[in-house]
Structures are given as C-alpha cells and as structure tokens.
Amino acid sequence: MNAVEIKSNIYWVGAIDWGIRDFHGYITQNGTTYNNYLIMDEQVTLLDTVKYDFAGTAIDNIKHIIEPSKIKNIIINHIEPDHVSSIDKIMALTPDAVIHITAMGKKGLDRLFDTSAWKFRIVKTGDTLNTGRYNLLFIETPMLHWPDSMMTYVKEARLLISQDAFGQHFASAGRFDDEFLSCFSAAELDDAVKDYYANILMPFGKLIKSKIAEIQKLGLEIDMIAPDHGIIWRKDPAKIINMYLDMANGKTDLSVAIIYDTMWHSTEQMTLPIMQGIKDEGIDCRVIKLRSAPMSTAIKEFWKARGCLIGSPTINNILFPSVAEFLSHLSGLRPANRIAGAFGSYGWGGGAVKGAYDEFRKMGLEIFEPGIQVLYKASSEDEKKCYEFGREFAKKVREYHEKF
Ligand code: FEO
C-alpha cells in the first residue's frame, strides 16, 4: 500500500502487519498496523517510524512522496520498538535530521541505539515546531503508554497524532473510521478498541481522564485523531475520546464473564447452571475457557463485563495454573469497577476458590461472597446451588452496575 494523504500534504506512510498474531504475548487476531506520518512542508517532517520488519515498506512509502534524504525533522512520540525500531534505517538516509523527543524518550533511545552522531531537540509540553505552513505542538503523555510518550498536534490541520492512545491492533484495507460503517465492521472496530484498551491501557484510566481534560483545557480544535496503530478517526474523533472517557470512568456492559478452566470437567459442569442462573436474571453472559482462548481475549471479556466469575479446580491446594496465570496477568492491569466471585471443584482439601478471593482482595475488586465449591463432581443438588449462585451473583452485578 502506498502513502495515503490524510490531510493536505500530510501522509500516512506506515505499514500493515496482516500476519502478526503474538504482540509480546497479546494475541492479535486481527493483525495490526504501524502508522507513521509525513508532513510535506518547507521542512519535511516525519512523525514516528515503524517496527523494524517493516522499515523497507515505510521507506518505500516515503519514497513515493519524496526522497528520505529531504526529511529535516523526525518526531519520536514513543520509543517502544514497534514504533522506533527502524529509526536507525531512517537516520542512515537522512543523517542531518533533527530528532524531536522527550527527555525520557532520549534516555531510552540512547540505550536502544548508538545515537552519538544524531542531532536531538528535547521537547516538553507546550513546545512547538514550525515546519512552514504547519505549526506543531507537543504534549507529553507519560505512561500513555510509556514514560517517554507524547502526542503531536498539528494546529492548522486540526490533527492530533496520538501514538498508542486511541489505537487498535487492527489490520485493514481501510485507513479511516468512515470506511467501517456496516453493522459488522463497526462492531469489529469497537471490539478492537476495547481489546486494545483492556490489554494495553487498563492500568492508566486516571491518567487518561486527566490527559484528556488537559487537552480539552488547551482548547485544541481536533477534527482528526491519527494513532500509531489501526484506523484513523476522521468521521467522528469525538467518538473515540468519549469511548475512552467512558472506559476510564468505569462504564461497561451490564453483563457477566465466566472465565474458567477445568481438569476433569467438574468445574466446567458447574459453569452451565451458573450461566443459566445469570441468564434467568436477564443478564447476558459470556463463558471463556482458559487454555482454549488467548489470555488477551479473556482479559478483553473481563473488561467488557461488569461482573466476573472465576472457575478453578483445586490442584495441590491452590488455583489451577492457567487460572493463576490469568489472575496474575489481570492483577498487573490494575482492574477497577468490576465485581468478582469464584467457584470450583476439589477432591480433598480445596483451596482454589479461597485463592481466587485472595487475588480479588489484592486487586481491590468488589467481591461477591461466599463462592461455591463442590466435592469431586456436582450432584443434581449441587447444580441447583450453582444455579442459585448464578442468580444471586447476577442480582449483585445489577445492583453494583447502577453506581456507574
Ligand atoms: Fe505501540 Fe507502546 O507501543
């Protein structure tokens, strides 16, 4: 795919990674894109680079517009390798270009590359760059996604180049939101936004709120948001900002995710009457079996639901390994505004259900107790108890949901 003009003389010159399925452990079922942008002005300016595997593609895209040696400024909004790992190849083509980067970005870049011959300008929030027709404003966004991160606002184009924020791991032929208007594709895009937020940005809700407030306070007029992954928000940039604010404020669906694993199908057997109990209370429910679904899918489904039930058999008095792994991963994402409960089967001592509640407490989740556990295999009496457990949980989820 060649360069795509997104605003007058501003081009997408990135790469589409159709094949990636494992993005440092995050299973990217839809692939991804590495977006970078070229401003054709008196001073030709490149914003971000791409993952090293795609350096050739991005350089070809730039060559479609101009010889890379003409680039005068390179803005590095974020130094994670999916965006910066081809900077050395770019610098080899335009060694006199000035790199505009935050202080934390420079510190990291010095560890990743031999930067001794490169020219730098360290920037902070409020600093600007005039490229001729365009005036660029830098806005630091530390921890969105790394300490080095910043965004670049192109004033005359009303364009916010937002690096990871507002992105999605979503490879597609279309570059813009208005190319995803059918029911199915719009839903797919929404799901990709939530998937990305859940797996990458869940810990940073408070920061997201304060950074959006700061941007709003600056009074920037924004009619396009161009992230470093996925599609560009052209038709309705307010939509993605509102989606982020909603997620950061704890809004989600009134639904339940049952996330479980099983050894000999006993814990699995419990999921069905529990699910039925939830459904009979009028609440939608998704069931995810760990080891049959990617971890990142389980995280997304947790995030999309107000309530979560964890099902785990007991093994050696503790949680089943895949369930322990899920809870450990979830804990790092610092979940909030969700209610959780646990169930499971055991053979003699038990321990898994208690282990799940211990993890919920450490995470500070709202808790529904007591959990339910069955010895060896659920009897028909146990199944009735599971059904009632599901109903009671659903009632609590509905009650808790009203707070948001
Ligand atoms: Fe897409 Fe934090 O890198």
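1. H145 sits in the loop between β13 (135–140) and β14 (150–154). Strands here are DSSP runs of E with at least two residues, helices are DSSP runs of H or I with at least four, and both are numbered from the N terminus. The peptide bond that joins L144 and H145 is cis, with omega at about 25°.

2. A note on the basis of these points. This is a predicted model, in which local features need pLDDT of at least 70 and side-chain atom pairs count only at pLDDT 80 or more, while totals for chains, interfaces and linings use all residues. Residues are numbered from 1 along each chain as its sequence is written, and side-chain values use heavy atoms, with hydrogens and water left out.

3. A cis peptide bond also joins E369 and P370, with omega at about -5°. P370 belongs to the loop between β23 (366–367) and β24 (372–375).

4. F166 is a residue other than glycine with a positive phi, near 70°. Its place is the loop between β15 (159–163) and α5 (183–201). F166 counts as buried because its relative accessibility is 4%; buried means under 20% relative accessible area, exposed over 50%, and partly exposed in between, with a 1.4 Å probe and protein chains only.

5. R334, again not a glycine, has a positive phi near 50°. The loop that holds R334 runs between α10 (321–332) and β22 (339–346).

6. F54 is in the loop between β8 (44–47) and α1 (55–63). With a relative accessible area of 15%, F54 is buried. Which residues does F54 contact, leaving aside its neighbours within four places in sequence? They are A15, I16, D17 and Y34, where contact means heavy atoms within 4.5 Å. F54 and G14 are 40 residues apart in sequence, and their C-alpha atoms are 8.4 Å apart in space.

7. Helix α6 (residues 205–217) packs with helix α7 (residues 237–248) at an angle of about 140°, and the axes are 9 Å apart. Axes are lines fitted to C-alpha atoms, for helices over the stretch in contact, and angles run from 0 to 180 degrees between N-to-C directions. The two helices are therefore oblique to each other; angles under 35 degrees count as roughly parallel, over 145 as roughly antiparallel, 65 to 115 as roughly perpendicular, and the rest as oblique.

8. On the α6 side, G205, I208, K209, I212 and Q216 meet I241, Y244, L245 and A248 of α7. By class, this contact has six nonpolar, two polar and one charged residues. Ala, Val, Leu, Ile, Met, Phe, Trp, Tyr, Cys and Pro count as nonpolar, Asp, Glu, Lys and Arg as charged, and the others, Gly among them, as polar.
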